[in-house]
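Reader: I would like to go through the terms applied to this model and see what each one rests on.

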Amino acid sequence: MKPSAGSLLEDPSQDSREVLHPSGLLDRSASRVLREEISRTLSRGPATLVVDLSNVNDVDAAGLDVLVYACRAATAAHVKLVLCSLPPLALELLEPTRLSDLGDVAIEPAMPVPLHGNAA
């Protein structure tokens, strides 16, 4: 059974892994910074790179491009890539790219927010 991104984030016994936490709008400017962080991180040779997008509230075309770059760069470096907590729109837009076909990539959507209601 493959570990989920949640277990990768919480279990320090996992093989060498690095976690990146971009936040806010993943636009052209933020994507440039994230691309540099991905390159630096991959150069350190982790077994797994986790990009936790739980604090990203929107992704534009440049943001999608950097996620595709992360997949290709991780594959070239023989590093497992986990994209977790993808915003729903980003997940929908990335689906046609078939990133998981390019290498060892796990894409996990953001968890739905539970609705709290009063029981009658």
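Predicted model: local features only at pLDDT ≥ 70, side-chain atom pairs only at ≥ 80, totals over all residues.

Reader: Which residues of α2 are buried?

Author: They are Ser31, Leu34, Ile38, Thr41 and Leu42. These residues cover an arc of only 90° around the axis, and therefore lie on the same side of α2.

Reader: What covers the buried residues of α2?

Author: The cover includes the strands β1 (17-20), β2 (23-26) and β3 (48-52), together with helix α3 (61-76).

Reader: Why is Thr41 called buried?

Author: Its relative accessible area is 2%. The cut-off for buried is under 20%, so Thr41 qualifies. Not counting residues up to four places away in sequence, Thr41 touches Glu18, Leu20, Pro46 and Leu49.

Reader: What makes Ala74 count as buried?

Author: Ala74, in helix α3, has 0% relative accessibility. That value is under 20%, so Ala74 is buried. Apart from neighbours within four places in sequence, Ala74 is in contact with Leu42, Val79 and Leu81; for such a contact, heavy atoms must lie within 4.5 Å.

Reader: How many residues separate Ala74 and Ile38 in sequence?

Author: They are 36 residues apart in sequence, and their C-alpha atoms are 8.6 Å apart in space.

Notes:
Residues numbered from 1 in each chain as written. Heavy atoms only, no water. Buried < 20%, exposed > 50% of the residue type's maximum accessible area, 1.4 Å probe, protein only. Helix = DSSP H or I, 4+ residues; strand = E, 2+ residues; numbered from the N terminus. Arc of directions from axis to C-beta.
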